[in-house]
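I opened my notebook to see what I could look up in this structure. Here is what I wrote down, entry by entry.

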Amino acid sequence: MTGGNHRSLVDVLAAQGFRHMPEAGRAIIQDQVDIGGTALPWDDREAFATLMLSWELRSHREALIGPGPVIFDRAIPDVIGYLRLCGLPVPAAALQAAKKRRYARRVFIAPPWPAIFERDTERKQTLVEAKATFQAMVETYSNLGYELVALPLASVVERAKFVRGHIL
């Protein structure tokens, strides 16, 4: 998914009536920059991961309140994958959260796609780093027992149609 002025898959699905939970990382970065905080992926990765885990726990709890499927941009396993990718220890609490706070068995994953990859104010990763992140997420979600479904390299509207076809 891209940042900037482009609509993300989550944006399109939300416009089609799906409940959704926004991405933690981007919002945390915006907040930390705004307040002069250091819980940033380029400053204090462990603090950044702690804030992401808290965000994802809250999002999971909030999703249980309403009806129907909920689209998550990121989830608790992403925090674990991020920590592993950074070579940081994964706290027992994060592992416990991933064990206790489960999502649907089938998880959609977006392979890196050079044609639409963009860097912006919050996303400073290079394409090489994005590919490494993708591999870390595949490994993390698979190890946690999720079935991964790769999104097609297609327009965001086609991707939304693909997701709808797998969950409805």
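I began with Phe-72, which has 22% relative accessibility and so counts as partly exposed. The cut-off for buried is under 20%. I kept in mind that this is a predicted model. Tyr-103, with a relative accessible area of 15%, is buried.

I then looked at the two rings together. Their centres, in Phe-72 and Tyr-103, are 4.9 Å apart and their planes stand at 85 degrees, so I noted the pair as edge-to-face. Phe-72 sits in strand β2 (residues 70-72) and Tyr-103 in the loop between α5 and β3, so the pair ties together parts 31 residues apart in sequence.

How many aromatic pairs does a search of the whole structure find? I got four. One of them joins Phe-48 and Tyr-82: the ring centres are 5.6 Å apart and the planes are at 75 degrees, so this pair is edge-to-face. Phe-48 belongs to helix α3 and Tyr-82 to helix α4, so the pair ties together parts 34 residues apart in sequence. I checked burial too: Phe-48 is buried at 3% relative accessibility, and Tyr-82 is buried at 12%.

**Entry: the cores**

Next I looked up the largest nonpolar core, which has 25 residues. Phe-48 and Tyr-82 are among those with the most contacts inside it, and so are Leu-53 and Ile-76. Helices α2 (24-35) and α3 (45-63) are among the elements that each supply at least two residues of this core. Which helix gives the most? I found that α4 does, with five residues.

Setting aside neighbours within four places in sequence, Leu-53 is in contact with Ile-76, Val-79, Ala-94 and Ala-97. I also found a second, separate core of nine residues, including Leu-9 and Phe-18.

**Entry: helix α7**

Helix α7 (residues 156-167) has twelve residues and reaches 17 Å from its first C-alpha to its last, close to the expected 16 Å. Which residues of α7 are buried? My list reads Arg-159, Ala-160 and Val-163. Seen down the axis of α7, these buried residues fall within an arc of 100 degrees, so they line one face of the helix. What covers them includes α1 (9-15) and β3.

**Entry: Gln-32**

Last, I looked at Gln-32 in helix α2. Gln-32 counts as buried, at 11% relative accessibility. Its side chain reaches the backbone nitrogen of Thr-38 at 3.2 Å. Beyond neighbours within four places in sequence, the contacts of Gln-32 include Gly-37, Leu-40 and Leu-51.

Notes
Residues are numbered from 1 along each chain as its sequence is written. This is a predicted model: local features need pLDDT of at least 70, side-chain atom pairs count only at pLDDT 80 or more; totals for chains, interfaces and linings use all residues. Side-chain values use heavy atoms; hydrogens and water are left out. A nonpolar core is a set of buried Ala, Val, Leu, Ile, Met, Phe, Trp, Tyr and Cys residues joined through side-chain atoms within 4.5 Å. Buried means under 20% relative accessible area, exposed over 50%, partly exposed in between (1.4 Å probe, protein chains only). Helices (H or I, at least four residues) and strands (E, at least two) are DSSP runs, numbered from the N terminus. Contact means heavy atoms within 4.5 Å. The expected span of a helix is 1.5 Å times one less than its number of residues. The arc is that of the directions from the helix axis to the C-beta atoms. A polar contact is a pair of N or O atoms within 3.5 Å; within protein, one must be able to donate a hydrogen and the other to accept it, and residues adjacent in sequence count only if both atoms are side-chain atoms. Rings of Phe, Tyr and Trp (its six-membered ring) pair if their centres lie within 6.5 Å; planes under 30 degrees apart count as stacked, over 60 as edge-to-face and the rest as tilted.
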